[in-house]
Amino acid sequence: MTLRKPKRLNDAILPDVTLTDGDHELIAAANVVLENHYRPFWHMVAAAIRSQDGRIWTGLHIGTTVGRLSVCAEAVAFGRALLDGDGTIQTAVAVRHPKPEEENRELAVVPPCGACREMILDHAPGAMIIVKDTDILIKLPIRTLLPLPYRR
């Protein structure tokens with residue numbers, strides 16, 4: 001996979017967006033969770049969070065019959081970091097299992113949903129998020145994924 005360093009996004013100067021070995025370790029941790037626990041329609045997404053102290057926290061999407069009760073993998077990972085770690089998010093990534101009708105059967109990095117973007121920004125406004133940009137993986141500040149967040 002080719003890596004590049006974009007300098008700007010929507011005229012904002014960005015930090016280095018190239019993935020490090022630690023970022024690849026984070027992706028691998030999320031992949032392992034999903035490979036070990038995937039269950040169609042119940043556990044389709046896994047996430048991994050690296051906290052400021054360097055520890056990795058993983059989570060698994062918890063699907064439910066009543067969709068509004070489902071819990072995103074990022075929220076599960078963050079809950080674990082809050083309960084057993086320092087409660088911070090330095091970098092986060094989510095991966096999803098391919099849908100049954102998709103030809104490509106590989107796990108894929110996906111951006112966080114809108115609710116998870118809000119959660120991450122609320123608790124870690126300096127967090128970096130690993131996303132796929134066309135055919136390469138980069139990491140972006142959460143603020144670039146949610147430039148106009150909801151405020152109370």
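This is a predicted model: local features need pLDDT of at least 70, side-chain atom pairs count only at pLDDT 80 or more; totals for chains, interfaces and linings use all residues.
How much space lies in the largest cavity? I got about 30 Å³ for the largest cavity. I also checked how many cavities reach 30 Å³ or more, and the structure holds one.

**Cavity lining**

Next I asked which residues line the largest cavity. My list reads E74, A92, V93, A94, V110, P112, I120, I129 and I130. Two elements give two or more residues to this lining, and I noted them as β5 (91-96) and β7 (128-133). The largest share comes from β5, which puts in three residues.

Then I sorted the lining by residue class. Eight of the residues are nonpolar and one is charged, while none is polar.

I moved on to another part of the fold. Is strand β4 (residues 56-60) largely enclosed or largely open? I found four of its five residues buried, so the rest of the structure largely encloses β4. For this tally I took buried to mean under 20% relative accessible area.

Strand β3 (residues 45-50) runs antiparallel to β4, and I noted five bridges joining the two. Across that pair, I49 stands opposite W57 of β4.

Last, I checked the turn. The hairpin of β3 and β4 has five residues between the strands.

Conventions:
Residues are numbered from 1 along each chain as its sequence is written. Side-chain values use heavy atoms; hydrogens and water are left out. On a 1 Å grid over the protein atoms alone, a cavity is a set of points where a 1.4 Å probe fits but cannot get out, and a pocket is an open set with protein on both sides within 12 Å along at least five of seven lines; lining residues have an atom within 4 Å of a point. Grid points are joined across faces, edges and corners, and a volume is the space filled by probe spheres set on the points. Ala, Val, Leu, Ile, Met, Phe, Trp, Tyr, Cys and Pro count as nonpolar, Asp, Glu, Lys and Arg as charged, and the others, Gly among them, as polar. Buried means under 20% relative accessible area, exposed over 50%, partly exposed in between (1.4 Å probe, protein chains only). Two strands pair if DSSP finds at least two bridges between them.
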